[in-house]
Amino acid sequence: MTFLWPQFLWLLAALPLLVLLYVWLIRRKKKMAVRYASLSIVREAMGPGQSLRRHIPPLLFLVAITAMLVAAARPMAVVVLPSNQQTIILAMDVSGSMRAADVQPNRLVAAQEAAKSFIKDLPRHVKVGIVAFAGSAQVAQLPTTNHDDLVTAIDSFQLQRATATGNAIVVSLATLFPDAGIDISQFSAPSRQRGIPIDQNEKQLKEFTPVAPGSFTSAAIIMLTDGQRTTGVDPLDAAKMAADRGVRVYTVGVGTVDGETIGFEGWSMRVRLDEDTLKAIANKTSAEYFYAGTASDLKKVYETLSSKLTVEKKETEISALFALGAAVLTLLSAGLSLLWFNRIL
């Protein structure tokens, strides 16, 4: 725990003085009590339990004063709070390799079911957008809180050829920042060209000042893919674009790490999960990489992401909690004193 105004903690040094004052008052009352001939009768009536009870209200009041002094120092602590994450973009791979059945019933269906379960568990105020990518990337559903529209978009996925992971990130960013001047036409059209420069239309991009990676807390991107990039922009360049805007890109790898030969529309292709690149994307944007080798793993990954994106740990001032505790203890002290002795302290 840290304090914004630690100088106020010096006031705690007055507490021993209050204790000494209380002890002095007790002794003074005892000296005054010896003047009464019936003192022995009073002592017998009180008993040891009554004698202990008389100190409880002052003790509670002393703890209340301590809490108030700590509150005055404005304590800070790391606590778990609801996240202010408002928009999440699901960038989902719909390349032909997603028909592989190493994840039952196949990779695409498992990803669809996990995504729908993820959306169902999100708070209603969180907007979700869907970007589908293969050889190009398209917005399947603009960010919305309507879960039915999101489910419809996910169920309408059509498998295509190639994998453009970089394009998926750029189109997701364009969806999050529609006024940033990002021209997505070059990323939405199918292309076999590798290494398309992101700054090809740099003159159309609005000027902005790069921020710290992961500092934009109003949105995040979750990218799921089962293969390595075969076309489009370099995903690491796209990741830098996201990092400069503070957007985290959580990456999820699903399927075979070592590689597998998949047949699709008369084509035979070798697909391999490029974990190194996916980890690099996540690291560059201050996010995390997750591997899901089975449908069950994939669901757990989405459950983990849901908890990460809906709550967050942050350093927050907790003066109000100490002030509330002090108020409760003060009322309790006064209430017990009235109940037991018909007076306050």
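**Terms and their grounds**

Mentor: In this predicted model, 80% of the contacts between residues at least 6 apart in sequence join residues at least 24 apart. The chain has eleven helices and eleven strands, and buried residues make up 42% of its 345 residues.

Trainee: Why are H3 and H11 called roughly antiparallel?
Mentor: The axes of helix H3 (residues 56-72) and helix H11 (residues 319-341) cross at roughly 165°. Angles over 145 degrees count as roughly antiparallel, and therefore the term applies to H3 and H11. Their axes come within 8 Å, and the crossing of H3 past H11 is left-handed.

Trainee: Which residues in H3 and H11 meet?
Mentor: In H3 they include Ile56, Leu60, Phe61 and Met68. Among their counterparts in H11 are Phe322, Leu329, Leu336 and Trp340. The residues of this contact divide into 19 nonpolar, four polar and no charged.

Trainee: Why is Ser306 called buried?
Mentor: The relative accessible area of Ser306 is 10%. Ser306 lies in helix H10 (residues 295-310). Leaving aside neighbours within four places in sequence, Ser306 is in contact with Phe118, Asp121 and Leu122.

Trainee: What makes Asp155 partly exposed?
Mentor: Asp155 has a relative accessibility of 45%. Buried is under 20% and exposed is over 50%, with partly exposed in between; Asp155 therefore counts as partly exposed. Asp155 is located in helix H5 (residues 147-155).

Trainee: Which residues does Asp155 touch, not counting residues up to four places away in sequence?
Mentor: Asp155 touches Gln112 and Lys116. Lys116 is 39 residues from Asp155 along the chain, and their C-alpha atoms are separated by 9.3 Å.

Trainee: What makes a set of residues a nonpolar core?
Mentor: The residues must be buried, belong to the nonpolar types Ala, Val, Leu, Ile, Met, Phe, Trp, Tyr and Cys, and be joined through side-chain atoms within 4.5 Å. The largest such core here has 67 residues. Those with the most contacts inside this core are Leu90, Phe118, Leu173, Ile222, Leu298 and Tyr302. In soluble globular proteins, nonpolar side chains tend to be buried together.

Trainee: Which residues does Tyr302 touch, not counting residues up to four places away in sequence?
Mentor: Tyr302 touches Leu90, Met92, Ala114, Ala115, Phe118, Ile222 and Leu224.

Key: Residues numbered from 1 in each chain as written. Predicted model: local features only at pLDDT ≥ 70, side-chain atom pairs only at ≥ 80, totals over all residues. Heavy atoms only, no water. Axes fitted to C-alpha atoms, helices over the stretch in contact; angles between N-to-C directions. Helix = DSSP H or I, 4+ residues; strand = E, 2+ residues; numbered from the N terminus. Parallel < 35°, antiparallel > 145°, perpendicular 65-115°, else oblique. Left-handed = near helix turned anticlockwise from the far one by under 90°. Contact = heavy atoms within 4.5 Å. Nonpolar A, V, L, I, M, F, W, Y, C, P; charged D, E, K, R; others polar. Buried < 20%, exposed > 50% of the residue type's maximum accessible area, 1.4 Å probe, protein only.
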